[in-house]
Amino acid sequence: MDAKTDTVPSPAEMVARARAMIPRLRERAAEGERQRRIAKETIAEMQEAGLFRVLQPKRWDGFELPVGTYFDIEMALAEGDMSVAWVYGVVGTHPWGLSLFDNRAADDVWGKDRSTLISSSLMPSGAAIPVPGGHRVSGRWRYSSGCEHCDWAFLGATIEGDGAGGYPDRCLFLLPRKDYEIVDTWHVSGLKGTGSHDITAKDAFVPAHRMIRYSDNFKGVAPGLAVNTGPLYRLPWGQVFFRGVATASIGALQGMHDIFLEYGKSRINRMFGTKAFDDPMVQLTCAEVAVGLDEMKTILHRNLRILEGYAERGVLPSYAERIHFKFHSATAADRCAALATKLFRAAGASGIYAELPFGRILADIAAARQHVSNQYETIGRNSGAAMFGATETRDFSL
């Protein structure tokens, strides 16, 4: 089951494997930014370490570990290179997501190779036309992180004629690499190494067992639950996916803070000839970042424990609690951007040089803040409305 042992590794062992990669990830980060993709060697090392199997069902040679282990791995990778962690935060959730599909879909993907990876673009940018046995799917999708390393893709679409007189349900369709094209579009200011290119498909036939509705995931009635019965797969869909695009920011901020502390020990303020670490504002900034990191990690794991408790009891959390937890996630992305900006300023003029990673890390965290699931203001308003009793939602991504 594991490349290194015949048994499922412990959560601590898996996090240790990720942490062991940090020095190499830091060495490769600048080149990954120039190449606009993660190095094949990095993906191979992640595969060898079993990182993509953390949320994969045991019945498909996965480890089926607690979801908190996955997020700890993501944060560890981000200490080395946030682009790597971002791709893991997306692609690493997909074995879990595939487990919610009809089991025939898992057989399509993993029947011959249990290590096959899936990318995604979850926004409903495509159109699906019902045909006998499935749908014909066409469209263009943006932001498919890590797609060059994947042989399948989850693509969002709405079905023609669905939701007449109301709002059509969003659906995910699973397509093999032969049925879509990758369009090189990833020229961006941050997260440059993620290779989040566009994907296009034209009239691709997708059999019915490779489609799933967002509303089914929201209601906890996904078809894959018939065979994947563990509590891990009864966690709400969105609570796993949107945390996957927020948690890398926490790890990146941790890495930035650690590097800054080493940098600050030797940095001299050239204007005044004083040591940087004697500056009260530098000291306060470092303390603020440390406390922020502690708070964000504590809330992350507390929320996960609450969600796991619901899953173990076979109960779904309320809409109000789901949107509250989503606001925690968006708050983390927003707060990391603010704290990283403070650290960057504390680094002084020397901090802008490319030989130091502060500018790249700040740009990566700022880019993550732009994701639709990290929009602090919009999600905060929805959370506040729920406190006043609002319950109607079309956001089945929760």
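Me: What should I know about the model and its numbering before we start?
Reply: The model is predicted, so local features need pLDDT of at least 70 and side-chain atom pairs count only at pLDDT 80 or more, while totals for chains, interfaces and linings use all residues. Residues are numbered from 1 along each chain as its sequence is written, and side-chain values use heavy atoms, with hydrogens and water left out.

Me: Why is the pair Arg17 and Glu13 called a salt bridge?
Reply: A salt bridge is a side-chain nitrogen of Lys or Arg within 4 Å of a carboxyl oxygen of Asp or Glu. For Arg17 and Glu13 the N to O distance is 2.9 Å, so the pair qualifies. By this rule the count comes to 18 salt bridges.

Me: What separates Arg17 and Glu13 along helix 1?
Reply: About one helical turn, because they are four residues apart in helix 1 (residues 11-20). Helices (H or I, at least four residues) and strands (E, at least two) are DSSP runs, numbered from the N terminus.

Me: Is Arg17 buried or exposed, and how do you know that?
Reply: Buried means under 20% relative accessible area, exposed over 50%, and partly exposed in between (1.4 Å probe, protein chains only). Arg17 has 9% relative accessibility, so it counts as buried. Glu13, at 35%, counts as partly exposed.

Me: What makes Arg210 and Asp108 a salt bridge, and where do they sit?
Reply: Their closest N and O atoms are 3.0 Å apart, so the pair meets the rule. The two link distant parts of the chain, 102 residues apart: Arg210 lies in the loop between strand 6 (197-207) and strand 7 (211-213), and Asp108 in helix 7 (residues 103-110). Arg210 is buried at 11%, whereas Asp108 is partly exposed at 32%.

Me: Why is Arg213 called partly exposed?
Reply: Its relative accessibility is 24%, so it falls in the partly exposed range. Its salt-bridge partner Asp169, with an N to O distance of 3.6 Å, is buried at 12%. This pair also links distant parts of the chain, with Arg213 in strand 7 and Asp169 in the loop between strand 3 (152-159) and strand 4 (170-176).

Me: Why is Ser121 called buried, and which residues does it touch?
Reply: Ser121, in strand 1 (residues 118-131), has 5% relative accessibility, so it counts as buried. Contact means heavy atoms within 4.5 Å. Not counting residues up to four places away in sequence, Ser121 touches Trp141, Arg142, Phe154, Leu155 and Gly156.
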